[in-house]
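Keep the sequence and the 3D view side by side.

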Amino acid sequence: MANFIVKGGKFLEGEIEIGGSKNAALPAMAASLLFKNNPEFRNLPKIEDIFRMGELLKKLRETKEIDFEVAKKIRASILLVGPALARFGKITFPHPGGCVIGARPIDAFLDGWKAMGAAVKEIPPDSSKSINSIPFYELSAPSGLKGRDYTFRVPSVTGTEGLMMTAVLASGSTILRNAAMEPEIAHLAYFLNKNGADIKGAGTHTINIEGSGGALLEGKYPFSAPPDRIEAGSFLILGALLAKELLIKNFAAEELTALTGALKEAGAEFNFDKNFISVKRSPALKAVNVKTKEYPGFATDLQAPFCVLATQAKGASMIHETIFEGRLSYIEYLNKMGAKITLCDPYRAIVNGPTPLRAWTLERPDIRAGLAFILAALLAEGESKIGNIYQIDRGYEAIDSRLRSIGAAIKRI
Ligand code: EPU
């Protein structure tokens, strides 16, 4: 299994370009099941989750079945279920896998499909029919899916994308209320509308969809993945910590206002210009409290990188994770590196800074904690080792060579 070896303590300098968004590309790829022909995809990031989605789609087209082994690896496999149900009338799938950051239930999806007329059978993990002790689900809609007025109990991002895609092929109108507002949902609706779907309000809490009654879309207009806002935010944090001068190209500033607001408050120095941003290391960072929230609030996917920044800021920063209940487990490693972070409960941590960090062997990250480990290792004196980097490769394209190009000492072994 590959590891990263990172030698810290070097300043970074140069230009880095933001790649295509993972979380915009994954639902758009799943949406290809709604099309007569395969639409063209541009600017897809070359990352493990996108490769897995490609494998899942290939098998699904050939066999009308979801590959359980692959689906177990990525949460985004759930995005295939709605389009597959709408197209084939039935589908079986395992409880989706992915990052271990909390319980990650799928009740919002199941309730939505039931409301639209699907029969849902859950096969529990201990049943003789279950595979490898994971629950799986059998969905069928023999008399088709009908548009409904549905309110999400929690505004789930992939839940909103999943039901929106299902509603595109259902008959009649669907209203999704308390929908998530993340930009990836608006990007998906834009792509579908360009190809004949009728979706209004994506990017707001209420989405209206006129279903086609089963008529498939024509793939005339390509999907081009927008820049990844989480990668962009992570590189901005990196620059505020370690850059002599870093130019970040394709920076979608309007999608990152909660982060840039928090960084300004912390005293970080950066300047926007059209679609790029330049950032310099700020020697006198101040403590700032952040609370993760649904978009346009502070993104949970930027919480771990921001916590690394807080270790270098003067004073006590409260990091409050409100979306996932298991997303602070990386903190024990930052403390081993010399950070002074008190975990108050599974949701809140107080970071006392600034503290110098020392090199360490870092293990078991999720995608975003993995990037935070790279930031911490680049700050630390000495040579750190980061294990299980498959998790990092799931979300960031060639992160090692791109960071080397701006002067980081990071190698894959
Ligand atoms: N939730 C439920 N029931 C459901 C679905 C969600 O209770 O049926 C809860 C979750 O447990 C959580 C909250 O709702 O507490 C929000 O979860 P959401 O469903 O919005 O998360 P997701 O759709 O599974 C996406 C991203 C995540 C990102 C979250 C939050 C994709 C493929 N994944 O996950 O990205 O953290 O939204 O913004 O878009 C990542 O890229 O590393 C990643 C984890």
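Which polar side-chain atom lies 2.6 Å from an oxygen atom of the ligand? A polar side-chain atom of Asp 301 does. Taken alone, the ligand exposes 830 Å², and the protein buries 90% of that. Such areas come from the Shrake-Rupley method with a 1.4 Å probe, and for residues only the protein chains shown count as cover.

A word on the source. This is a predicted model, in which local features need pLDDT of at least 70, side-chain atom pairs count only at pLDDT 80 or more, and totals for chains, interfaces and linings use all residues. Residues are numbered from 1 along each chain as its sequence is written, and side-chain values use heavy atoms, leaving out hydrogens and water.

Stay with the ligand. A polar side-chain atom of Thr 158 lies 2.5 Å from one oxygen atom. A polar backbone atom of Val 157 is 2.7 Å from a ligand oxygen. A polar contact is a pair of N or O atoms within 3.5 Å; within protein, one must be able to donate a hydrogen and the other to accept it, and residues adjacent in sequence count only if both atoms are side-chain atoms.

Now widen the view to the shell. There are 22 residues around the ligand, and Ser 156, Thr 158, Asp 301, Ile 323 and Arg 368 come nearest. To count as near, a residue needs a heavy atom within 4 Å. The shell divides into 10 nonpolar, four polar and eight charged residues. Here Ala, Val, Leu, Ile, Met, Phe, Trp, Tyr, Cys and Pro count as nonpolar, Asp, Glu, Lys and Arg as charged, and the others, Gly among them, as polar.

Which helices build the shell? α1 (22-30), α5 (107-115), α6 (157-169) and α12 (367-379) each supply at least two of its residues. The largest share, three residues, comes from α5. Helices (H or I, at least four residues) and strands (E, at least two) are DSSP runs, numbered from the N terminus.

Look next at α6. Buried means under 20% relative accessible area, exposed over 50%, and partly exposed in between (1.4 Å probe, protein chains only). Thr 158 is among the buried residues of α6. Ser 156 caps the N-terminal end of α6, with a side-chain oxygen 2.9 Å from the backbone nitrogen of Gly 159. Helix α10 (residues 303-310) is mostly covered too, with eight of its eight residues buried.

Most residues other than glycine have a negative phi, and most peptide bonds are trans. The bond from Tyr 295 to Pro 296 is cis, with omega near 10°. Pro 296 sits in the loop between β15 (290-291) and α10. Gly 353 and Pro 354 are also joined by a cis peptide bond, with omega about -5°. Pro 354 lies in the loop between β18 (348-353) and β19 (361-362).

Positive phi values turn up as well. Asn 43 is not a glycine, yet its phi is about 60°. Its loop runs between β3 (41-42) and α2 (48-63). Asn 43 is partly exposed because its relative accessible area is 45%. Lys 64 has a positive phi near 60°, and is found in the loop between α2 and α3 (68-71). Lys 64 counts as exposed, at 52% relative accessibility.
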